[in-house]
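Have the model open and your selection tool ready. We will go from one selection to the next and look at what is there.

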Amino acid sequence: MEKGKSYTTISLRSLAGWLKVTLDRPLQNNSLNATVLHELHSMMDDAEQDPSCRIILIEGHEGVFCTGMDLKSIVDESGAGTDAGKEFCELFMHLLKRISASPKIVVAFIDGVVMAGGVGVAAACDFVLATSRAKFNLSELLWGLLPSMVIPYLIRRIGYQRAYTMTLSTLPVSAEQAYGWGLVDEVTERPEEYIHKLSQRVVKMDEGSIKNAKEYFRKMWLISDSMERIAIAATSGLLQQDNVMQALYNYVRHDRFPWEKHDH
């Protein structure tokens, strides 16, 4: 890893053969904005250039893995006249693709809440570890949005109908249920033990072989460049609709949820 590089939204810790990446925005519930996504891309750049790093573990902070898109950031930047929604969607979709295609093994460790785009980050990873406290939730429809970029990776893990019901119900899924569905690979309180066991196999593999395997599996699945463009367009288009942005604005500026009636 590159020495001396500083990050403001993530923290890194290099260990023997693997890198621990902590999403570190506790005051914002580890939500994602352009800065977080740029820093995660930069982290991936460095890790992929480091032959000593074979595994990347992404974790959350203080009981929250990731709660998806930072609504305040979207509202603030859209008010400044920028197309923040489209930029976010492109960065986020590209991050999911990078995670799923990286020659490194990428592991998500969920201890607590994971919502919306955070579910997408987890689903794009090669392995998902979770404690019994983990709760998976797609909340987008409550905000007039769609989990459009999450869905291709979520369907890959749990199938069409389960992804569909998670989307329409917006109900949380427990770690036990997620394990039964295949969204979680192991329920554990000690991810380091799983990483150690995994690393004993990974170090015997050539990175090119890992990349070839990921590329082959991508060809066997429905995720394609055209599907990624459709996914980006779906959410970025909704973020250009006045009613959606008004709902986000009311929440960010007035703490009023979209489903709450407002007395005029």
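Select leucine 129 to begin: its bridge partner in S10 is glutamate 186. Now widen the selection to strand S7 (residues 127-130), which runs parallel to S10 and is joined to S10 by 2 bridges. Strands here are DSSP runs of E with at least two residues, helices are runs of H or I with at least four, and both are numbered from the N terminus. Two strands pair if DSSP finds at least two bridges between them.

A word on what you are viewing: this is a predicted model, where local features need pLDDT of at least 70 and side-chain atom pairs count only at pLDDT 80 or more, while totals for chains, interfaces and linings use all residues. Residues are numbered from 1 along each chain as its sequence is written, and side-chain values use heavy atoms, leaving out hydrogens and water.

Next, show the whole sheet. This open sheet has 6 strands in the order S1-S2-S3-S5-S7-S10, with mixed pairing. Strand S1 (10-15) and strand S10 (186-187) are at the edges with a single partner strand each, so one side of each has no neighbour in the sheet.

Angles run from 0 to 180 degrees between N-to-C directions, and axes are lines fitted to C-alpha atoms, for helices over the stretch in contact.

Finish with helix H3 (residues 84-101) and helix H4 (residues 117-124), whose axes come within 8 Å and cross at roughly 20°. That makes H3 roughly parallel to H4 (angles under 35 degrees count as such).

Definitions and conventions:
Parallel < 35°, antiparallel > 145°, perpendicular 65-115°, else oblique.
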